[in-house]
Amino acid sequence: MSTADLVADAVVKRFAEHIAVDSLSFTVERGSFFSILGPSGCGKTTLLRMIAGFIAPDSGEISIGGKSMQGIAPNRRPVNMVFQQLALFPMMSVGENVAFGLARRGVARAERLRRSQAMLERVGLGGAASKRVDELSGGQRQRVAIARSLVLEPTLLLLDEPLGALDLKLREHMKIELKQLQAAFGTTFVYITHDQSEALVLSDHVGVMSQGRFEQLGTPQDLYYRPHTPFVASFVGANNRIVGRVTSVDHASVEMTTADGWAIRALKKGAMAVGDAVEGFVRPEVASLGRTQTELPAGQPWHAGEVQSLLFDGANSAVLLQERRTRREFRIALPQTGQFSDLKPQEKVLFSFDPERAVCFPARAGAAGHDA
Amino acid sequence: MPSAALQRKWQGRLSLTLLLAPALLWLCALIILPHIDLAILSFRERVGPRHYVASLAQYRTFFAEPLYWHVFVRTAVMSVVATFLTLLLAFPIAWIIAKLAQGRASSLLFILCLIPFWVSETVRTLGWMILLRESGVLPSLLVKLGITAVPVELLYHDATIMVGLIYTSLLFMVIPLISSLESLDNALIEAAYDLGADGFAILRAIVIPHAAPGITAGCIVVFMLTLGNYLTPTLLGGKNSQWFTEQIYTQFITRFNWEQGAALGFLLLALSTVMVMVGLRLTGQRFGDVMRRT
């Protein structure tokens, strides 16, 4: 496999009784941006540290650039890491930080200076070489941390939630910058995050991780539109989760009813029979809102609701409804036309969604009781 | 109301003065006053019974008498060596306590370092004498193991003095080192490792620069303690220990020459001040920064 920069084969890591990484296998193509997305404690940091070489897998093998990394120390791997808190060396200037790895490789001083200066210029910090680390802004430090790694021309760049410490505005900005940097350098990036928006925006491929395993591995579009498991459906993007039992089923679709008697239709995902516990998911932007039935798309089953609260957030504005009879919460994205800008709490409305764009999974063990 | 504000201000001043009073009193009565008196003593000469004149004779004697010079330089050199060896020994200990040991193990190790200090220095030093004297534990063990034919005297060597000085000073080096190593972010070590550094490069480029104020603070404290130590060189080095504090003791107590003793005392003070300043200059640090870390 000449085009794969990272291959993990049945990698396992246990801490006492707890399995942090459970027989994980995946491949990351050369030059791609691969994200590992999961809640805290899912094992993604352990996986990253195994790739970097700080911890050894109990079994299985990790290969980087076609070579097995078994028994190879972090300082000898063609991998560099951008740490969560960046870990820039405060005792050195920005230029010395970037030149640190080159010095360790025995690159001559003049060449070191030239290459670190060139790298700083590429990340837009050409004049910062002599500055102290604490003189830089959060975003500039971020770029220094990346430059410090990329100057070594690693096969793989690992990033451990590097945007977590930044404020929202800067985070949005750095997302774009990271994507542009990756495109410009062509280095393979492996990025871990618990923020699904970062993973979706940045990545070519995303592995959604839970309890040491990949729930699903695919493109951001796959994860969003075609989730394979209820975990992926609820973790990636906003979703309305409806729990109930199957009341009728055919080869492709299913009708499910909640315990208090609200029935919806959705696509069938996985094997299920009448009476089985299931979880249904409807994206907020899939549902339509109307004051009268004629405002709703024709041919869709409609439901009655009452406005509970308006969640104004510019382009991401939504309305939180209650299904009128069962009082179950349902979130709908507001259209950008301003059609419903005069909506008031307690107002009676109708809503509908295309059953072809809603999904229904067999309920996970232990997850049947509570609503999302 | 300006009068109320004024009153509050005075109350604030008064409580600050009262709070500082014990420290100021201690500083004045036990440090400053005796030193002023000693300074006056050192600059006078006895020309007849109860008749003194101002003179530099005491300092002239020091520079004219080779024995004083010899002991002075020897004390300084041995103190520097003892400080350096203490640093070498304390660094791994502090590293283990601050970085490698987890939770309870870390505090247990620290307590192990502390426990010997529950015993007075005299008793500890006498303990060394029991171990090292010719009829003591270690020489007889060496005979039993067949390493030496007859018991050897392990006391009264320079090396013995060195062991005693390091043993006495170790804790004062370990404590500032622990606090400076604990504040070192492990991610920095990992980052350096990840960027290709080996253990030595990490120590030189990351750990030592970070711990430099702690190292300097420990060295200053240990150097001063060693230079001014009287008990350990006297007991472990015996008559030939030739420690400068012994010369001072002799002048004051045996020779009853307080003037000469005071002059030697001031020369020792000058020596430690100069050495500390040189040390700070060489490592490029400031006294205030260093003391804040201890």
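Where is the place of Ala10(A) in chain A? Ala10(A) sits in strand β1, which covers residues 4-15 of chain A. This is a predicted model.

Ala10(A) has a phi near 50°. That value is positive, and the residue is not glycine. Most residues other than glycine have a negative phi. Ala10(A) counts as exposed because 12 other C-beta atoms lie within 10 Å, and 12 or fewer is the cut-off.

Gln211(A) also has a positive phi, near 50°, and is again a residue other than glycine. Gln211(A) lies in a loop of chain A, between β9 (205-210) and β10 (213-218). Is Gln211(A) exposed or only partly exposed? Gln211(A) is partly exposed, because 16 other C-beta atoms lie within 10 Å.

**Chain A as a whole**

Chain A contains 8 helices and 20 strands. Its C-alpha trace spans about 75 × 45 × 35 Å along the principal axes. The chain has 372 residues, and 40% of them count as buried. Take the contacts in chain A with a separation of 6 or more: 64% of them join residues 24 or more positions apart.

Chain A is divided into domain 1 (4-231) and domain 2 (239-362). Their C-alpha centres lie 39 Å apart.

Helix α1 of chain A runs over residues 44-52. How many of its 9 residues are buried? The number is 8, and the helix is mostly covered. The buried residues are Lys44(A), Thr46(A), Leu47(A), Leu48(A), Arg49(A), Met50(A), Ile51(A) and Ala52(A). Just after α1(A) comes Gly53(A), with a positive phi of about 100°.

Pro362(A) belongs to strand β20 (residues 359-362) of chain A. Pro362(A) is partly exposed, because 18 other C-beta atoms lie within 10 Å. Leaving aside residues up to four places away in sequence, Pro362(A) touches Gly270(A), Met272(A), Asp276(A) and Val278(A). How far apart are Pro362(A) and Lys44(A)? In sequence they are 318 residues apart. In space the C-alpha to C-alpha distance is 26 Å.

The table sets out the neighbour counts given above.

| Residue | Other C-beta atoms within 10 Å | State |
|---|---|---|
| Ala10(A) | 12 atoms | exposed |
| Gln211(A) | 16 atoms | partly exposed |
| Pro362(A) | 18 atoms | partly exposed |

**Domains of chain B**

Chain B is divided into domain 1 (1-42) and domain 2 (58-292). The C-alpha centres of these two domains lie 34 Å apart. In their contact, 4 residues of domain 1 of chain B meet 7 residues of domain 2 of chain B. The domain 1 side of this contact has 3 nonpolar residues, 1 polar residue and no charged ones.

**A helix pair in chain B**

Helix α11 (residues 244-254) and helix α12 (residues 258-283) of chain B pack together. Their axes are 7 Å apart and meet at an angle of about 160°. Why is the pair called roughly antiparallel? The angle is over 145 degrees, so α11(B) counts as roughly antiparallel to α12(B). The crossing of α11(B) past α12(B) is left-handed.

From α11(B), the contact uses Phe244(B), Gln247(B), Ile248(B), Gln251(B) and Phe252(B). From α12(B), the contact uses Trp258(B), Gln260(B), Gly261(B), Leu264(B), Gly265(B) and Leu268(B). By class, 6 of these residues are nonpolar, 5 are polar and none is charged. An α-helix has 3.6 residues a turn, so residues three or four places apart point the same way.

**Where chain B touches chain A**

The contact of the two chains takes 15 residues from chain B and 17 residues from chain A. On the chain B side, α8 (186-194) and α9 (199-227) each supply at least two residues. Which helix gives the most to that side? That helix is α8(B), with 6 residues. The chain B side divides into 9 nonpolar, 2 polar and 4 charged residues.

Key: Residues are numbered from 1 along each chain as its sequence is written. Chains are lettered from A and ligands numbered from 1 in the order in which they are written. This is a predicted model: local features need pLDDT of at least 70, side-chain atom pairs count only at pLDDT 80 or more; totals for chains, interfaces and linings use all residues. Helices (H or I, at least four residues) and strands (E, at least two) are DSSP runs, numbered from the N terminus. A residue is buried if 20 or more other C-beta atoms lie within 10 Å of its own, exposed if 12 or fewer, and partly exposed in between; C-beta atoms are placed from the backbone. Axes are lines fitted to C-alpha atoms, for helices over the stretch in contact, and angles run from 0 to 180 degrees between N-to-C directions. Angles under 35 degrees count as roughly parallel, over 145 as roughly antiparallel, 65 to 115 as roughly perpendicular and the rest as oblique. A crossing is left-handed if the near helix is turned anticlockwise from the far one by less than a right angle, and right-handed if clockwise. Ala, Val, Leu, Ile, Met, Phe, Trp, Tyr, Cys and Pro count as nonpolar, Asp, Glu, Lys and Arg as charged, and the others, Gly among them, as polar. Domain bounds come from an automatic or database domain assignment.
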